[in-house]
Amino acid sequence: MRNGALARAAATVGRGKSLARGATLIAFISIVSVARADEGMWTVHDFPSAKVAAKYGFSPDAAWLKHAQLSSARLAGICSASFVSDSGLVMTNHHCAHDCVAGLSTADHDFVKQGFLAKAQTDEQKCPDLEVQRLDDTTDVTDKVLAATQGKAGAAYIAALREISSAIEKPCQTAPDIRCELVNLYHGGQFMLYRYKRYTDVRVVFAPELASAFFGGDPDNFEFPRYDLDVSFLRVYENNQPAKTPEHFGWSASGPVVNELTFTAGDPAATEREITTAQRVFDRDVVAPLIVALRAEWRGELAEFMKTGDEAKRTATEWQFYNENSLKAWKGRQAALGDEPMMKKEHDAEDTLRAQVGASIGGAYDAISTALAKFKPFYHRYYLLERWKKGDLLDDAIELVRGGEERTLPDGKRLDEYRDSALPDIVQKLASVAPVYPARDKLALAFWLGKLREDLGADDPLVRSLLGKASPDEVAARLVDGSKLGDPNERMRLWKGGKAAVAASRDPMIAFVRLFDGSARRIRKVYDDEVDGVEKSAGEKIAKAKFSVLGRSTYPDATFTLRLSYGSVKGYTSSEHGTKVAPFTNFGGAFARATGAPPFDLPPSWIAAQRAIDPRTTLDFVTTNDIIGGNSGSPIFNKSLDIVGLIFDGNIESLAGDFWYDEATNRAVGVTSAALIEALLKIYHADRIVSELRASKHP
């Protein structure tokens, strides 16, 4: 997404790389036990129906699981979603569709602030670059991958993995609307080929005002009680008509009840439950401090920028939201990593496994520890050059320069993000007609240059080549003002022209990328070969050892692929305050909490409808379902496959969930299906949507 580049980075730094797996909400399962209670983000093909039956008396069968799979969806690279009618209606969170709504907005029509409602189907507006994907099929290809990587480590392992990934994915991608992904589960213990149906014509149907979708703002983020209507409805089209989606969830008008069995289906981004002690310590001592410091400073920069005028506030709101979210999440993660008793527990579990399987995997753990220790001095350079987002225009320039170079190579020898299976995502982003905001881009680029100079030093050769005698602000202004990459036609001209067209370009942003791309590639290669390659090859050995002890009684770490969780509607006792927290809030509580001033200001539409709303109608609720970031937009449904709610957050205790799950306090936060109907009818008068939802009976 044009405006979502920094947003995605805030939510999921590292794109699954083992040194920066952050996403939002969960460690390593104790080797002496199996997943218990409501713990687990399970793959559909290995869902523990017997465990659900033992606790809740309901055993999902193959047909039930397949229907849940085909009714689920994901927004490419961002969030989870679900199909809620047979005419392509898709439900997700407001903050997941924010890119779309912001991209359609102008200074005169701010749909983020005012909300959006298509009164008729002809009023549904196409999102600039949003893509919805549905997982249609999965195939176990573990034997093929392990045969290709056997006996290899480091650079040789990465090369072999890229070759076999290409060999497996390419025959699967038989049409433009198909995406195929090789998915690494259990850190190398299992490999699956996932085939997705792609919907690239996605139109917004409804989005409430930001004030209602994010009521309470950052003070209430990762908290409960909550009073948010964090929802958006989209529709997927094919051949300019609403797509036929016969597999979809039904709808519960009454919503959830206390102790009810609930399921979620979504694409959690990443967890660190199966990593080693060395990896966890590296995250604690190196990764988390860096990211927290960067995001804290970036928050200050954004806050000052937004004070400069209404347009600055409008265009930076999205970045501010995602940065605040990421900062709070990383602070929670950092606090969890500082929990010495839990760190010791995980270390003891690792020692137990090593004792049980003998010396066969000792070298694997040691290899990871050595690789991380060697890379530690270079991590700041690596993160700033390869992981921190630098603004829309510079990120597009990087895609064009690298994409032009990488596409001259055989598919199996390219960087992962430029393999043929990933190119449609890049093309969609580059072709987006969403606006670029020069002032915002200058801010992002100047901030990055300033941090690069601060962390690497003013005398670093790379820093000198990028800045010369100019300040970061001066360089950023020159590049943004002189670039033509804000025009999607120019971006696509360069992309289609490939390496030759990019080499011939005189665009200052393209020229600037050439100054640092060599350095960035070199540090990336060191990481890929000497860290990622070691971790992955060692991970295969550790996974085999775990399977020899536990079998498949545990679930794999999250990988932004479809997972099911099960749980129930249940309150909890706050670990921060020691108070009992009820599982539900209602509309009456929202009006009582409102102060009229941000971030506790309800929009005018709510104030006008207050008398019509039943204050007793449930609004938000919590469940024991095991979720993390990426699960935003996940449906919450019952055993009848009827929607009872929509995930939009977790509580503050869930931030430690990147490393462990505690059923006593870890809670998923959602908005009830009853609240959605109440608001759609009485606040927004969206009768057309309500009629479609009420008719949404799954086959």
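Residues are numbered from 1 along each chain as its sequence is written, and side-chain values use heavy atoms, with hydrogens and water left out. In this predicted model, local features need pLDDT of at least 70 and side-chain atom pairs count only at pLDDT 80 or more, while totals for chains, interfaces and linings use all residues.

Q: How many disulfides does the structure hold?
A: A disulfide is taken as a pair of cysteine sulfur atoms within 2.5 Å. When the bonded cysteines of the protein are numbered in sequence order, the pairing reads 1-2, 3-4, 5-6. The number of disulfides in the structure is 3.

Q: Is Cys79 buried or exposed?
A: Buried means under 20% relative accessible area, exposed over 50%, and partly exposed in between (1.4 Å probe, protein chains only). The relative accessibility of Cys79 is 4%, so Cys79 counts as buried.

Q: Where does Cys127 lie?
A: Cys127 is joined to Cys100 by a disulfide, S to S 2.1 Å. Cys100 lies in helix α4, so the pair ties this helix to a part 27 residues apart in sequence; the place of Cys127 is the loop between β5 (125–126) and β6 (132–140).

Q: Why is the disulfide of Cys172 and Cys180 left-handed?
A: The sulfur atoms of Cys172 and Cys180 are 1.9 Å apart. The disulfide is left-handed because the torsion about its S-S bond is about -70°.

Q: Which element gives the largest share of the lining of the largest pocket?
A: On a 1 Å grid over the protein atoms alone, a pocket is an open set of points where a 1.4 Å probe fits, with protein on both sides within 12 Å along at least five of seven lines; lining residues have an atom within 4 Å of a point. The largest pocket is lined by 35 residues, with Lys313 and Thr317 among those nearest its centre. Elements giving two or more residues to this lining include α4, α8 (210–213) and α11 (310–337). The largest share, 10 residues, comes from α11.

How values were computed. Helix = DSSP H or I, 4+ residues; strand = E, 2+ residues; numbered from the N terminus.
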